[in-house]
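Reader: I am new to protein models and would like to learn how to read what I see. Could you take me through a few features, one at a time?

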Amino acid sequence: KGKDKDKDKDKKETGDEDKDKDKDKTEEKVEEKTEEQKQFEAEEARKEAEREKTLMELFAAKKKKSRGGGSKKGGGDKKEKKPKKELIEFIDGKRSYNVSIGLARFKMKNADIKKAVLEMNEDVFNVDKLYKLISLSPTPEEVTQCQEYEGPEDELAVCERFFYQFVSMDNVKERLQIWAYKMTFKEEYGDHERKVKLLMNMAKTIKESKGFKMTLATILACGNFINGGTKKGGKHGFELETLQKIGGYKTTDATMSILGYIFKFLRQNYPDSLKWLEEMETLPSVIRVETDNLDSEITKMEKDLAKVKDLLPDNPEEKKDNQDQFNDVMGAFYAEADEKVKALIKNFNDTITNVQDLAKFYGQKVKPTQFKVEEFFGIFDEFRSTFIENRDKIIAAELEIEKAKKKEAAKKKRAQEMEALKQKKKAEKDKKKKEREEKRRRKAERKKKVGFAADVGGDDDNDDKKKKSKKKKKGKTDKMLDEMGDAHKYLAKLRKNRKNKSKANLLGARKKSMFFKDRKQMMLDPAEIERLQNGDIGDIGDD
């Protein structure tokens, strides 16, 4: 390694010597340059500088201006940063951190929060925000810690500075809690009042409904009639639990229950007595009311109002801060809410008493400590549901019967329409047939006038065969013969002779046709016609 280092040093020394020699040579060359070369090089250097300047102006990144007019790098002395003051913290670290995070979400100054709390401004704090503020508000111990601090407020940390705002305010957390209770009181009171009214109205409806009493009387009458002559018959009443069992009694063919029959009887004879089904439509909501929980919730409202009263001063005009509206706002709220809650408690107790009396009226054994209002109303709700179920079955069956009747009536009507259409077609067919017969009759009369009499008796069979046979397309000869009349024998003879003789020999010198267009020229002599009708054809071709 030592030898290698020495070799490197020798190379460096020799390299330096070579560089010095090159410098001396270049200097000598520079001195030898002429003045023209110097001017040319100066001009080229100037142009190069201009190009560089243009490129720098177009594409170079702009330098950011230093804030506060600071000096460039390497120039001037840097300003020394002042050391940050350490803020004072005396609240638990975790609690302080949570409060700081919560305050950041409010995005409000501490002074604004305090002002909104003093003024009880519900536009700034709704129920949700108020509950969050309650979780951030200082406890009495934390307020005491802030009271013991005697330094300036701006040296406190975030959490401590927020707590310091409430040093002069008593019972901060309790105050915020009853403020939140005031905001939710209206909704809570309305819910409890609605439940109490449901119970009260249902007890009154069951006791006073005439239609329900008529339904019960009909059930008793049916039971006495069915059980007549037995120990179960002739009763003056029945237990309330019977309403839960009566839906199981069916007719002998099991097509309808006794409740279905009672519904049909009442609908036919006493239709107004079925109105109790609509009068008791709130029974499903009534049985969902748990009176024990309702009682405890109403009692809790009474206790919360007692807390409001404890926070209010004995002298309503006493104020520590003119900006503080707590006594005025909560004093008016307490006066109104206390009256409502007392009335609600009275109505609830009276309703429970009325329901127990109603149960005694229906023969129930009532023990106030064990009596369940929802179970008592549940008997009526179950009976009503069973009655409605049987009613719907009866109505559905009647609709099916009505539908079947309509279908049968429509079927009969369709059959009648088809029969009428058939008769109409038959009449039209008969009419056409008569028209054809009339036409044939007239045609026969015309043939008689021409001179050919219809054959009597002899050719009836041939006529029937012609009617049954398919109609052939008539040619000119057939049309002409139809005009001449019925001359079967004459035609037979003509066709027989036509095979052996020419048409000219038969009817004269006509070559193209055996008939003339002029009908008069085709008429035969009366003597020949008479001879043909008598069957004496002879050698007509020779004539």
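Reader: How are helices α8 and α15 oriented to each other, and how do I read that?

Author: Two packed helices are described by the angle between their axes and the distance between the axes. In this predicted model, the axes of α8, residues 172-208, and α15, residues 326-361, come within 9 Å and cross at roughly 25 degrees. Angles under 35 degrees count as roughly parallel, and α8 and α15 are therefore roughly parallel to each other. The crossing in which α8 passes α15 is left-handed, and the contact of the two helices has 19 nonpolar, 3 polar and 5 charged residues.

Reader: Where does F361 lie, and is F361 buried or exposed?

Author: F361 lies in helix α15, and with a relative accessible area of 54% this residue is exposed. The C-alpha atom of F361 is separated by 8.8 Å from that of K207, although the two residues are 154 apart along the chain.

Reader: How many salt bridges does the structure hold, and how should I think about them?

Author: Side chains of opposite charge can pair when their charged atoms come close. The structure holds 18 salt bridges. One of them joins E193 and K197, with N to O at 3.9 Å, and these residues are 4 apart in helix α8, so about one helical turn separates them. E193, at 26% relative accessible area, and K197, at 46%, are each partly exposed. In helix α15, K346 and D350 form a salt bridge at 3.1 Å, N to O, and they too are 4 residues apart, about one helical turn. Here K346 is exposed at 52% relative accessibility, whereas D350 is partly exposed at 34%.

Reader: Which parts does the salt bridge between D292 and K372 tie together?

Author: The closest N and O atoms of D292 and K372 are 2.9 Å apart. D292 lies in helix α14 and K372 in the loop between α15 and α16, so the pair ties together parts that are 80 residues apart in sequence. D292 is partly exposed, with a relative accessible area of 48%, and K372 is partly exposed at 32%.

Reader: How many disulfides are there?

Author: A disulfide is a covalent bond between the sulfur atoms of two cysteines. The count here comes to 0 disulfides. For C146, the nearest cysteine sulfur is that of C159, 7.7 Å away, while a disulfide needs the two sulfur atoms within 2.5 Å. C146 is buried at 1% relative accessibility, and C159 is buried at 0%.

How values were computed:
Residues are numbered from 1 along each chain as its sequence is written. This is a predicted model: local features need pLDDT of at least 70, side-chain atom pairs count only at pLDDT 80 or more; totals for chains, interfaces and linings use all residues. Side-chain values use heavy atoms; hydrogens and water are left out. Buried means under 20% relative accessible area, exposed over 50%, partly exposed in between (1.4 Å probe, protein chains only). Axes are lines fitted to C-alpha atoms, for helices over the stretch in contact, and angles run from 0 to 180 degrees between N-to-C directions. Helices (H or I, at least four residues) and strands (E, at least two) are DSSP runs, numbered from the N terminus. Angles under 35 degrees count as roughly parallel, over 145 as roughly antiparallel, 65 to 115 as roughly perpendicular and the rest as oblique. A crossing is left-handed if the near helix is turned anticlockwise from the far one by less than a right angle, and right-handed if clockwise. Ala, Val, Leu, Ile, Met, Phe, Trp, Tyr, Cys and Pro count as nonpolar, Asp, Glu, Lys and Arg as charged, and the others, Gly among them, as polar. A salt bridge is a side-chain nitrogen of Lys or Arg within 4 Å of a carboxyl oxygen of Asp or Glu.
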